Amino acid sequence: MLKLYKKYLKKYKKHIILGPLFKLVEAIFELLVPLVIARIINEGLKNEILTDYEKRIFILQNGGLLFAFAAIGLCSTLVCQFFASRASQGFGTELRDDLYEHINTLSFKELDQFGAASLLTRMNSDINNLQQSVAMLIRLVVRAPFLVIGATILSFLLSWKAGLIFLGTGILLFVVIFLIMLYTIPRNKKAQKKLDDVTNITKENLAGNRVVRAFSKQKYEFKRFVDENVSLKNILTRIGKINALLNPMTFIITNLAIVAVLYLGGYEFKLGNLNQGNITSLYNYLLQIQLAIMVVANLVVLFTKASASATRIQEVFQTKSSIIEGNQEVGLNSIPLEFEHVSFHYNSNSKAAIQDVSFLIQEGMTVGIIGGTGSGKTTLISLMNRFYDVNEGRILLYGRDIKEYKNSYIQKQMSTVMQKAVLFSGTIKENLCWGKKDATDEEINQALKNSMSYEFVSKLEQKENTPLYQGASNLSGGQKQRLSIARALIKNSPILILDDSSSALDFKTEQSLRQAIGNLHKTTIWISQRASSLMHADLILVIDQGKLVGKGTHKELIKTCAVYQEICDSQDLGGEQNE
């Protein structure tokens, strides 16, 4: 937590110095109030030398002094609040920006390890906890201990015996606070982890709400959410029970101290060692200590949460991408892609997703990749884009190991349309220009035509300026797929990769799409579940359980590859039709 404070509060040195100083001014005048009250009692009300008129003047003068103290304290508090707000909001904003930027540097391997729900919780809840801790750090962390220490010192000046009671009370209170912190910090970490799980279920259900309703699983999903939520509640309840001890323990200890001070004060008053004003001051100082410790108790709860949150945020910052970027930006030959005995698994305990795969893709070829669900087709695409690094073998991009290139170069060479069409809030045009910000209207229209999107886009009232809702929910699945393809075409990379991105299209539209893309004469890699979509490819790769079990043209594979034959037969494409 201190590392985060040190790094992100550098710009706010003035705020974190002046804020507590102004709060200190307010605390100093607050400590002076009991002394003024004691003076009013001792030198005003109980002074038999002064006349009634002189007493009233004396009381009014000191009352005016108390009013001045209150006014100065209020102004100081407002200034401190201003500094605290500026620093805490700036701290939270910069930390959130840096965390988001760092998350985007991580490879898919690290993102998979954390999970989207956990990262969302860290970006929001955890940073909010730290942000609040900064505000409280400036506003109260100096004030509360200063009041306790100041009240204790002043009590020694009034009566050394009373001072010992104050000192013992302060030590006892801080021991209680320390023990409670020791208990709550690890449990707050556990609570934040459980919050990740609740967020994950919520995210899944909101994203898949249509599926939940289609299968009438509302009650099941609600029960799943309730179970996790109750588990979170139980953890927070246990933490709350311990934290709830702070206030009564504070009251018990300080009230016992008040009884002891009043008893001592009465005894000392009888002996003539203390007067009424001093006893009143001691009582007021104990009340100030009580209120200060109450504040400290709340700060303990806040800072234990913040400590747990800081650990979780540091965990993300300390995680570095497993993909080390190269420095090359020039290929060695014209061969777009070559896999040499590539094997890959997502983690050390999982089965290999790709095992000993080798193939070569020549420039301008149309390559089809086909295989059953979970066979490893999408994993191949992820490796081509270097979303993950291979565990064995190597991938050559234009004759050079893909690890030697800058990531920006790899991204420039490939336009990839993912299996799940993803569009963002904004207009259609803004989404299409992701790969090329300065795309002309002619380029946009041509890409729309080649992706079979022009017909439906031209019928929209605002055409390409039509706004998209979150997740492009105002478009159909097929429309989103075609716009995703148009976006990739506008990027105009030499290698075009389509990961089952025409699955929502009818056969006629898909055939027109294949012809249009074929006329672009790009190196094109198609992944499809439909054998008919890949029949005319120059090279077809057949993947089965992570292994390359066949490669060649359709005519070659229908004769030599049993897996491909089985796929074609299941889609009524076998026999003479394929000759």
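Q: Which residues count for local features and for totals?
A: The model is predicted, so local features need pLDDT of at least 70 and side-chain atom pairs count only at pLDDT 80 or more, while totals for chains, interfaces and linings use all residues. Residues are numbered from 1 along each chain as its sequence is written, and side-chain values use heavy atoms, with hydrogens and water left out.

Q: Is strand E9 buried or exposed?
A: Buried means under 20% relative accessible area, exposed over 50%, and partly exposed in between (1.4 Å probe, protein chains only). Helices (H or I, at least four residues) and strands (E, at least two) are DSSP runs, numbered from the N terminus. Five of the five residues of E9 (residues 495-499) are buried, so the strand is largely enclosed by the rest of the structure.

Q: Which residues lie on each side of E9?
A: In a regular strand the side chains alternate between the two faces of the sheet. In E9, Ile495, Ile497 and Asp499 are on one side and Leu496 and Leu498 on the other, all of them buried.

Q: Which strand does E9 join through four bridges, and which through five?
A: Strands of a sheet pair through backbone hydrogen bonds, either parallel or antiparallel. Two strands are taken as paired if DSSP finds at least two bridges between them. Strand E6 (residues 414-417) runs parallel to E9 and is joined to it by four bridges, with Leu498 as the partner of Val417. Strand E10 (residues 523-527) is also parallel to E9, over five bridges, and there Ile495 stands opposite Thr523.

Q: What is the strand order in the open sheet of four strands?
A: The order is E2-E1-E4-E5, with antiparallel pairing. Strand E2 (354-361) and strand E5 (400-401) are at the edges with a single partner strand each, so one side of each has no neighbour in the sheet. Five bridges link strand E1 (residues 337-344) to E2, where Phe344 stands opposite Ile354.

Q: How many residues does the largest nonpolar core have?
A: In soluble globular proteins, nonpolar side chains tend to be buried together. A nonpolar core is a set of buried Ala, Val, Leu, Ile, Met, Phe, Trp, Tyr and Cys residues joined through side-chain atoms within 4.5 Å. The largest has 40 residues, and those with the most contacts inside it are Ile370, Leu432, Leu483, Ile540 and Tyr564. Helix H17 (residues 477-491) contributes the most to this core, six residues. A second, separate core of 34 residues includes Leu380, Ile402, Ile495 and Leu541.

Q: What does Leu432 touch?
A: Contact means heavy atoms within 4.5 Å. Neighbours within four places in sequence aside, Leu432 is in contact with Ile444, Leu448, Leu483, Ala486, Arg487 and Ile490.

Q: Is Lys194 buried or exposed?
A: Lys194, in helix H7, has 17% relative accessibility and therefore counts as buried. Not counting residues up to four places away in sequence, Lys194 touches Glu228, Ser231, Leu232 and Ile235.

Q: Where are the residues with positive phi, Met452 and His521?
A: Met452, with phi near 65°, is in the loop between helix H15 (441-450) and helix H16 (454-459). Met452 is partly exposed at 21% relative accessibility. His521, with phi of about 55°, is in the loop between helix H18 (507-518) and E10. His521 is exposed, with a relative accessible area of 68%.
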